Amino acid sequence: MIHEILPVGPLQCNCSVVGDESTHEAIVIDPGDEIDQILALIRKHHLQVKQIVITHAHIDHVGGAMKLRAATGAPILLNQNDYALLKMLDVQAGWLGMPAPGKVEIDQNLGQADTVKAGSLSAQVLHTPGHTEGSICLYFPAEHKLIAGDTLFAGSIGRTDLPGGSYEKILHSIHDRVLALPDETIVIPGHGPLTTIGEERESNPFLQNR
Ligand SMILES: [Zn+2]
């Protein structure tokens, strides 16, 4: 598996580029910004982007999606429970003092247990509401990797104080769906350093005493 992780934009959202080493088909997850750098990685590995997956409709994760779609022709996939949030990108831009990226069009809904494929790569969609209603994680069972969006971080969890957030729901999502994964699973959070399911199960202060 080709896997490049590029922190993009002022909030340093971890954009993942994952590709099949033999067919060179690829998935880009959370192209929030810096699309020229993402395209440089795609060219470096001779990749053909088949899917653009958005873990949730916050501007720092979705802001560059239309530019990447225009450059690659790949469809944009997002859980439908975040479509309302996607219509508020200008409001979100105001929260952060960022320029609004314009309208983002979604080509396909991604729901619980859906599969996203590129070549021999196959990822399962986990619907994990809490940070937002439509938050998802992408699990690559063969590679033991979880792209977690803003649901789970090293030593922390996603904030739930923004519109659509729910502390009860994010804890339920993590306990029910994320911690169901094997301990050796490598977690690529939406921001900050990588971790593992085992490490977070053991020591994440938000996940103890339950
Ligand atoms: Zn977010």
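**View 1. Arg69, Glu105 and Asp107 join up in a network of salt bridges.** Here a salt bridge is a side-chain nitrogen of Lys or Arg within 4 Å of a carboxyl oxygen of Asp or Glu. Searching the whole structure turns up eight salt bridges. Keep in mind that the model is predicted, with local features needing pLDDT of at least 70 and side-chain atom pairs counting only at pLDDT 80 or more, while totals for chains, interfaces and linings use all residues. Numbering starts from 1 along each chain as its sequence is written, and side-chain values use heavy atoms, leaving out hydrogens and water.

**View 2. Glutamate 133 and lysine 169 meet through their side chains in a salt bridge, 2.5 Å from N to O.** This one links distant parts of the chain, 36 residues apart: glutamate 133 sits in the loop between β8 (121-127) and β9 (136-140), and lysine 169 in helix α6 (residues 167-178). Helices (H or I, at least four residues) and strands (E, at least two) are DSSP runs, numbered from the N terminus. Glutamate 133 is partly exposed at 28% relative accessible area, and lysine 169 is partly exposed too, at 37%. For the cut-offs, buried is under 20% relative accessible area, exposed is over 50%, and partly exposed is in between (1.4 Å probe, protein chains only).

**View 3. Aspartate 183 pairs with arginine 201 in a salt bridge, with 2.7 Å from N to O.** Aspartate 183 is in the loop between α6 and β13 (186-189) and arginine 201 is in helix α7 (residues 197-203), so the bridge ties together parts that are 18 residues apart in sequence. Relative accessible area is 40% for aspartate 183, which makes this residue partly exposed. Arginine 201 is also partly exposed, at 33%.

**View 4. Arginine 159 and aspartate 161 form a salt bridge, their closest N and O atoms 2.8 Å apart.** Aspartate 161 is exposed, with 56% relative accessible area. Arginine 159, at 46%, counts as partly exposed.

**View 5. Zooming back out, the protein chain has seven helices and 14 strands.** Its radius of gyration is 16 Å, close to the 17 Å that the globule rule gives for 210 residues, so the chain is as compact as a globular protein of that length. That radius is taken over C-alpha atoms, and the rule is 2.2 Å times the number of residues to the power 0.38. The C-alpha trace spans about 45 × 40 × 25 Å along its principal axes. Buried residues make up 52% of the 210.
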